[in-house]
Amino acid sequence: MSDANTTKTPLRAGPSGALTGAVRVPGDKSISHRALMLGALCVGETRVTGLLEGEDVLATAAAVNAMGARAERYASAPDGNTWRVIGCGVGGLSEPENVIDMGNAGTGVRLMMGVVAGHDMTATFTGDASLCRRPMGRVTAPLERMGAKFTGRDGGLLPMTVKGAAEPLPIEYALPVASAQVKSAVLLAGINAPGVTTVVEPQPTRDHTENMLRWFGAEVTVQDTARGRRISLIGRPELVARDVAVPADISSAAFPLVAALLVPGSDVTLKDVGLNPLRAGILTTLREMGAEIAVLGAREEAGEPVADLRVTAGPLKGVTVPAERAPSMIDEYPILAVAAALAEGETRMEGLEELRVKESDRLAAMARGLAAAGVKVEEGPDYLVVTGSGGKPPRGGCTVTVDLDHRIAMAFLVLGLVTEQPVTIDDGDAMATSFPGFAAMMQGLGADIADI
Ligand code: S3P
């Protein structure tokens, strides 16, 4: 795994000719984690096609294997990325023998803490330098109310030991921050609680956990109330194994998509992209900016909407992105900021306080990197304002420190395709977290990205 102690592979992106072609970006990270975890709690064998084989998801596969489930790649499957998970049933996982290293995976560790919280067992989690800086208190607070106990470093940081509850209590929990990870951790613990576990979220967040729980046979109800969205799960369902088709990740597709919008003459199709409305805020925003994005062949797979996206290059204009939209595009602000750098006028992005606790402080990282590339940018406590060049290539010619953040790495490689001078990132390996093969896929579309 990419860590401060391993050798880094720098990469450089330079001004490129038109990007063309049709590609399928890797599977959705959120759905892949959940398919492995819920598959591990089912009775029977779940076949997962299109699983993201990125480091984060492989860490989750190793975690469920360490707890007695069997998650493995189908060697004989005709198409790649097909896995099977043989589950242990609700409450059936067993105590791991060793410390579990979740690498860079915030979703992986927070959701697995929920899984362990609902089991009578003890597990210790650690991660890379980035994960060990990220706050865990947001999941430990509700899970403690359900009966789990946590011992971590000062400030609620990893490494952390979870002692799960023998008899988890169903709770009602109002999320203090709009976070799908926290909601999911509570629901995953609630699977093994006798009674109804309820989460109320101030703003709707991605609902893959709810969708997949239903897919496997649990009863989940959702109500919009004055206090927010109220999600209730009836505990101790029998989860029955069922195949899952993982769509391509919109959060990964956003990088070639914005690249195609910015590089003149481009025409790129992104296949099988998951278009869950609670994830698709980036499309709303880019369209408001003037982007041409056609949705082709819309369909549903495993309870999730999916379609192909055809994108052609064209001019963009600055917009204000309201805070309420943040949960539906929370991972897309780095690449949106790159789109904004080439738009005509100012783009103001509001309600971004959560970006400070992602794989890196993304608000600071974007402001620093864009300024180094000659882009006018203002960083506020919870907002970012980027003044675009109106299509004129910004200067570039800088090296960006990735700080173990895959999305910072990809965002600045995309910027380098449209700057006067190339942009270098210090650590190309970080991208393996969510998008193994990013550089090769972009090269295939015509991007000038190379090792240095
Ligand atoms: C995720 C939720 C989001 C997102 C992350 C994946 C998930 O985090 O940033 O990449 O799969 O539930 P938060 O829940 O912290 O907003």
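Rings of Phe, Tyr and Trp (its six-membered ring) are taken to pair if their centres lie within 6.5 Å, and planes under 30 degrees apart count as stacked, over 60 as edge-to-face and the rest as tilted. By that rule, a search of the whole structure finds two aromatic pairs. One of them joins Phe255 and Phe438 in an edge-to-face arrangement, with 6.3 Å from centre to centre and 80 degrees between the planes. This pair links distant parts of the chain, since Phe255 belongs to helix α7 (residues 250-262) and Phe438 to helix α12 (residues 438-445), 183 residues apart. Helices (H or I, at least four residues) and strands (E, at least two) are DSSP runs, numbered from the N terminus.

The model is predicted, and local features need pLDDT of at least 70, side-chain atom pairs count only at pLDDT 80 or more, while totals for chains, interfaces and linings use all residues. Residues are numbered from 1 along each chain as its sequence is written, and side-chain values use heavy atoms, with hydrogens and water left out.

The domain assignment, which is of automatic or database origin, gives domain 1 (11-26 + 247-451) and domain 2 (29-239). The C-alpha centres of domain 1 and domain 2 lie 28 Å apart. Across the boundary, 26 residues of domain 1 are in contact with 27 residues of domain 2, contact meaning heavy atoms within 4.5 Å. The area buried between the two domains is about 2300 Å², of which carbon and sulfur atoms give 49%; buried area is the accessible area (1.4 Å probe) that two parts lose on being put together, summed over both.

Salt bridges, in which a side-chain nitrogen of Lys or Arg lies within 4 Å of a carboxyl oxygen of Asp or Glu, number 31 in the whole structure and four between domain 1 and domain 2. Two salt bridges are set out here.

| Salt bridge | Closest N to O distance |
|---|---|
| Glu359 and Arg134 | 3.8 Å |

Most residues other than glycine have a negative phi, and most peptide bonds are trans. The peptide bond from Leu158 to Pro159, however, is cis, with omega near -5 degrees, and Pro159 lies in strand β9 (residues 157-163). Arg236, although not a glycine, has a positive phi of about 50 degrees, and Arg236 is placed in the loop between β13 (228-234) and β14 (244-245).
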